[in-house]
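Please read these notes with the model open beside you. They go through it point by point.

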Amino acid sequence: MGRSHIRSRRNSDPTGYGFSLEELPSPLDPAVLFGDAARTMPLEIEIGSGKGTFLVAEGEARPDTLFLGIERARRYWLYAADRLRRRERGNSRILRGDAVEALAALPEAVASGLHIYFPDPWPKRRHARRRLLLNPEFLAGIERALAPGGLLRVVTDAADYFDAIGESLSDRDRLRGVPYEPPASARPGELAGSNFERKYRIEGRPIHAFAARRTAPDRASGAPEQIRDAVR
Ligand SMILES: C[S@@+](CC[C@H](N)C(=O)[O-])C[C@H]1O[C@@H](n2cnc3c(N)ncnc32)[C@H](O)[C@@H]1O
């Protein structure tokens with residue numbers, strides 16, 4: 001992801017837009033990040049924001065919604081936070097930390113939407129926690145964070161990983177597959193509009209996407225077939 005370019009950004013300043021999970025109180029009230037807007041505006045979360053392309057564009061396209069990115073890698077977090085600050089994206093913030101820990105710190109049913117675009121499918125350092133979407137603890141965190149009716153979107157280029165996600169979702173009873181619609185900021189022909197999608201489309205890689213909706217507490221249903229039916 002252009003590391004030399006990232007390292008050269010010596011003057012990056014995250015002030016007001018980038019926060020570190022370990023320095024914040026837990027449980028984490030979104031008002032700490034967004035002020036009073038957190039009491040009245042819907043919140044959507046992006047996990048693994050990378051350079052923040054989606055956070056910037058979706059925040060601009062939908063100014064009536066708050067967007068919170070979670071990014072583990074400091075250099076990308078810093079790059080994205082600086083970008084949000086320079087663009088004065090008042091409705092977007094980015095947290096530095098692990099997604100599992102961040103979701104656990106946030107209140108239950110905090111999010112009306114959850115975006116996961118091009119998660120690292122098979123991290124080099126083998127550690128189950130880092131395999132986003134294949135880990136039951138992480139899936140439980142997603143179900144807990146999403147409000148009933150909230151929408152999960154996942155886009156990836158890795159076909160085997162995508163199949164494995166379908167398997168792991170088959171055990172969940174609180175997510176129901178729905179037809180995939182791209183987010184507002186995606187350009188024509190795009191499924192997510194993230195940095196990695198643009199890079200991989202130039203390389204001609206196939207791209208896979210699905211969406212699932214958090215069921216209401218009394219309407220738990222979720223079959224793997226439904227998730228797979230939603231695949232594009
Ligand atoms: C392949 S990049 C994709 C970036 C962006 N979503 C895009 O599509 O351009 C995956 C990102 O997810 C982050 N990531 C992976 N596992 C994570 C975790 N457990 N918590 C937070 N961020 C994570 C990585 O640091 C990396 O920046």
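Which residue caps the N-terminal end of H7?

1. Asn135 caps that end of H7: one of its side-chain oxygens lies 2.7 Å from the backbone nitrogen of Glu137. Helices (H or I, at least four residues) and strands (E, at least two) are DSSP runs numbered from the N terminus. A polar contact is a pair of N or O atoms within 3.5 Å; within protein, one must be able to donate a hydrogen and the other to accept it, and residues adjacent in sequence count only if both atoms are side-chain atoms.

2. On the source: this is a predicted model, in which local features need pLDDT of at least 70 and side-chain atom pairs count only at pLDDT 80 or more, while totals for chains, interfaces and linings use all residues. Residues are numbered from 1 along each chain as its sequence is written, and side-chain values use heavy atoms, with hydrogens and water left out.

3. The chain has 10 helices and 8 strands. Of its 232 residues, 52% count as buried. Buried means under 20% relative accessible area, exposed over 50%, and partly exposed in between (1.4 Å probe, protein chains only). Among contacts between residues at least 6 apart in sequence, 77% join residues at least 24 apart; contact means heavy atoms within 4.5 Å.

4. In soluble globular proteins, nonpolar side chains tend to be buried together. Here the largest nonpolar core has 40 residues, and Ile45, Ile47 and Phe138 have the most contacts inside it. Helix H6 (residues 99–105) gives the most to this core, with 5 residues. A second, separate core has 13 residues, including Leu151, Val155, Val178 and Ile207. A nonpolar core is a set of buried Ala, Val, Leu, Ile, Met, Phe, Trp, Tyr and Cys residues joined through side-chain atoms within 4.5 Å.

5. Leaving aside residues up to four places away in sequence, Ile47 touches several residues, among them Ile70, Leu103, Tyr117 and Phe138. Phe138 is also one of the buried residues of helix H7 (residues 136–145), together with Leu139, Gly141, Ile142, Glu143 and Ala145.

6. Around the ligand there are 20 residues, the closest being Gly48, Glu71, Tyr117, Ser194 and Phe196. A residue is counted here if one of its heavy atoms lies within 4 Å of the molecule. Strand E3 (66–71) and helix H9 (195–203) each supply at least two residues of this shell. The shell divides into 9 nonpolar, 6 polar and 5 charged residues. Ala, Val, Leu, Ile, Met, Phe, Trp, Tyr, Cys and Pro count as nonpolar, Asp, Glu, Lys and Arg as charged, and the others, Gly among them, as polar.

7. Which backbones approach the ligand? A backbone N or O atom of Gly48 lies 2.7 Å from a nitrogen atom of the ligand, and a backbone N or O atom of Tyr117 also lies 2.7 Å from a ligand nitrogen. A polar backbone atom of Phe196 is 2.8 Å from a ligand oxygen. The protein covers 96% of the 600 Å² of accessible area that the ligand has on its own. Such areas come from the Shrake-Rupley method with a 1.4 Å probe; for residues, only the protein chains shown count as cover.

8. Some backbone details remain. The peptide bond from Ser26 to Pro27 is cis, with omega near 5°. Glu88 is not a glycine, yet has a positive phi of about 50°; at 61% relative accessibility, Glu88 counts as exposed.
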